[in-house]
Amino acid sequence: MFSKEESKQIRQDFWIFFGKRYPRKWLLYDTKVKEINLKFSFDNQKAQVSFDIETHDELIREYYFEKFESLKNLLKAEISEDISLEQNYLRSSGKIISRIYVEKTGVNIHNKTHWPEVFDFFNEHMQKFELFWYEYQDFITA
């Protein structure tokens with residue numbers, strides 16, 4: 001087990017090394033839609049790349065989620081057959097959001113031997129998520 005401080009340092013090291021391996025500016029929070037962000041997530045069990053729809057207004061969250069849901073076949077074709085769409089995704093913080101994501105299981109942020117495969121997973125899938133956003137953002141936000 002790692003102490004809280006050791007775990008924090010390992011997480012920081014992961015993101016620093018990822019940034020060095022793939023030194024580019026990712027879209028992430030710059031979608032121009034405050035409720036929709038692209039995210040990288042990595043914990044003790046899995047890594048995810050996702051569209052997160054976060055707002056206190058359930059109607060707005062539902063509206064955007066339904067837009068993504070209507071594009072499900074395109075999401076599968078352009079990002080991954082294994083894409084998941086969850087309207088009520090429970091984050092570890094206890095907050096409920098909507099999340100459209102791909103996931104790599106069996107990896108652990110504390111195991112540095114897993115890092116290279118997660119770096120590649122993040123790079124490959126985030127590029128696909130970004131291209132999807134650029135292609136369909138007008139429809140999603142209309």
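Predicted model: local features only at pLDDT ≥ 70, side-chain atom pairs only at ≥ 80, totals over all residues.
Me: Why is Lys95 called partly exposed?

Reply: Lys95 has a relative accessible area of 33%. Buried means under 20%, exposed means over 50%, and partly exposed is in between (1.4 Å probe, protein chains only). Residues are numbered from 1 along each chain as its sequence is written, and side-chain values use heavy atoms, with hydrogens and water left out.

Me: What makes Lys95 and Glu54 a salt bridge?

Reply: Their side chains meet at 3.4 Å, N to O. A salt bridge needs a side-chain nitrogen of Lys or Arg within 4 Å of a carboxyl oxygen of Asp or Glu, so this pair qualifies. The two partners are 41 residues apart, with Lys95 in the loop between strand E3 (84-90) and E4, and Glu54 in the loop between E2 and H2. Helices (H or I, at least four residues) and strands (E, at least two) are DSSP runs, numbered from the N terminus.

Me: Is Glu54 buried or exposed, and how do you know?

Reply: Glu54 has 15% relative accessibility. That value is under the buried cut-off, so Glu54 counts as buried.

Me: How do you know that Asp52 and Arg99 form a salt bridge?

Reply: Here the N to O distance is 2.7 Å, so the side chains of Asp52 and Arg99 pass the distance test. Asp52 belongs to strand E2 (residues 46-53) and Arg99 to strand E4 (residues 96-105), so the pair ties together parts that are 47 residues apart in sequence.

Me: Why are Asp52 and Arg99 called buried?

Reply: Asp52 has a relative accessible area of 0%, and Arg99 comes to 5%. Both values fall under the buried cut-off, so both residues carry that label.

Me: Which residues are linked in a network of salt bridges?

Reply: The network joins Lys39, Asp52, Glu54, Arg91, Lys95 and Arg99. For the whole structure, the search finds 11 salt bridges.

Me: What makes Lys32 and Asp30 a salt bridge?

Reply: Their side chains meet at 2.8 Å, N to O, so the pair meets the salt-bridge cut-off. Lys32 has 68% relative accessibility and counts as exposed, whereas Asp30, at 37%, counts as partly exposed.

Me: What is said about the phi of Lys32?

Reply: Lys32 has a positive phi of about 70° although it is not a glycine. Lys32 is found in the loop between H1 and E1. Leu28 also has a positive phi, of about 40°, and is not a glycine either. Leu28 lies in the loop between helix H1 (4-21) and strand E1 (36-42). At 22% relative accessibility, Leu28 is in between the cut-offs, so it counts as partly exposed.

Me: What forms the negative surface patch?

Reply: The patch is formed by Asp57, Glu58, Glu62, Glu66 and Glu69. Patch residues have over 30% relative accessible area and no salt bridge, and like charges are joined within 9 Å. Asp and Glu count as negative, so the patch is called negative. Glu62 is one of its members, and its relative accessible area of 33% is over the patch cut-off, so Glu62 passes that test. Glu62 lies in helix H2 (residues 58-70).

Me: How many residues apart in sequence are Gln127 and Trp26, and how far in space?

Reply: Gln127 and Trp26 are 101 residues apart in sequence and 8.4 Å apart in space, C-alpha to C-alpha. Gln127 lies in helix H4 and is partly exposed at 36%. Ala142 and Tyr64 are 78 residues apart in sequence and 9.6 Å apart in space, again C-alpha to C-alpha. Ala142 sits in the segment after helix H4 (115-141). At 57%, Ala142 is over the exposed cut-off, so it is called exposed.

Me: Where does UniProt place "domain: DUF4268"?

Reply: The unreviewed UniProt entry places that feature at residues 10-136. Such annotations may be inferred rather than shown by experiment. In this model the span is 43% helix and 25% strand, and its end C-alpha atoms lie 36 Å apart.

Notes:
Patch = residues over 30% accessible without salt bridge, like charges linked within 9 Å, V, L, I, M, F, W, Y side chains within 5 Å. Areas by Shrake-Rupley, 256 points an atom, 1.4 Å probe, with all protein chains shown as cover. Charge placed at Lys NZ, Arg CZ, Asp CG, Glu CD.
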